[in-house]
Amino acid sequence: EKLLTAAGIDPQRRAETLSMQEWKQLIEAYQQLSWNQLLLMKQLVYQVFLEERQQKTAGRKVLNHRSNS
């Protein structure tokens, strides 16, 4: 339903009533939604990477502080 709405197509329509232009719009909407989801996933993975790196750096600082004491 979200995909059809994004393509500007009434979700109640039957597939056999769609024109070639509407099928093209549907494909383009799918590609756009897929791309947006890929970008979101990339951002989430990068955020996790940064958080893990920050935790490791904080852990090293604690160990270095203890060894210097």
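Visitor: Before we count anything, what qualifies as a helix or a strand here?
Guide: Helices (H or I, at least four residues) and strands (E, at least two) are DSSP runs, numbered from the N terminus. Please note also that this is a predicted model.

Visitor: How many helices and strands are there in the protein chain?
Guide: The protein chain has two helices and zero strands. Helix α2 covers residues 20-68.

Visitor: How much of the chain is buried?
Guide: Of its 69 residues, 9% count as buried. The chain exposes about 6300 Å², and carbon and sulfur atoms supply 57% of that area.

Visitor: Which residues make up the largest nonpolar core?
Guide: That core has five residues: A7, I9, L18, L26 and A29.

Visitor: What does L26 touch, leaving out residues up to four places away in sequence?
Guide: With those set aside, L26 touches L3, L4, A7 and I9.

Visitor: Changing topic to charges: how many salt bridges does a search of the whole structure find?
Guide: The search finds three salt bridges. Side chains of opposite charge can pair when their charged atoms come close.

Visitor: Let us take E22. Where is it found, and what is its salt-bridge partner?
Guide: E22 is found in helix α2, and its side chain meets that of R13 in a salt bridge, at 2.8 Å from N to O. The two side chains also make a polar contact, again given as 2.8 Å.

Visitor: Is E22 buried or exposed?
Guide: E22 counts as buried because its relative accessible area is 17%, and buried means under 20%. R13 counts as partly exposed, at 32% relative accessibility.

Visitor: Which residue forms a salt bridge with R14?
Guide: R14 forms a salt bridge with E16, and their closest N and O atoms are 2.6 Å apart. Both R14 and E16 are exposed.

Visitor: And what is the N to O distance for K24 and E28?
Guide: The side chains of K24 and E28 meet in a salt bridge at 3.9 Å, N to O. This pair qualifies because a salt bridge requires the nitrogen to lie within 4 Å of the carboxyl oxygen.

Visitor: How are K24 and E28 placed in helix α2?
Guide: K24 and E28 are four residues apart in helix α2, so about one helical turn separates them. K24 counts as partly exposed at 46% relative accessibility, and E28 counts as partly exposed at 41%.

Visitor: Now the surface. Which residues form a nonpolar patch there?
Guide: W35, L38 and L39 form a nonpolar patch, with about 300 Å² of accessible area together. W35 has its place in helix α2 and counts as partly exposed, at 47% relative accessibility.

Visitor: What separates the C-alpha atoms of Y30 and A6?
Guide: Those C-alpha atoms are separated by 8.5 Å, while Y30 and A6 are 24 residues apart along the chain.

How values were computed. Residues are numbered from 1 along each chain as its sequence is written. This is a predicted model: local features need pLDDT of at least 70, side-chain atom pairs count only at pLDDT 80 or more; totals for chains, interfaces and linings use all residues. Side-chain values use heavy atoms; hydrogens and water are left out. Patches are made of residues with over 30% relative accessible area and no salt bridge: like charges are joined within 9 Å, nonpolar side chains (Val, Leu, Ile, Met, Phe, Trp, Tyr) within 5 Å. Accessible areas come from the Shrake-Rupley method with a 1.4 Å probe; for residues, only the protein chains shown count as cover. Buried means under 20% relative accessible area, exposed over 50%, partly exposed in between (1.4 Å probe, protein chains only). A nonpolar core is a set of buried Ala, Val, Leu, Ile, Met, Phe, Trp, Tyr and Cys residues joined through side-chain atoms within 4.5 Å. Contact means heavy atoms within 4.5 Å. A polar contact is a pair of N or O atoms within 3.5 Å; within protein, one must be able to donate a hydrogen and the other to accept it, and residues adjacent in sequence count only if both atoms are side-chain atoms.
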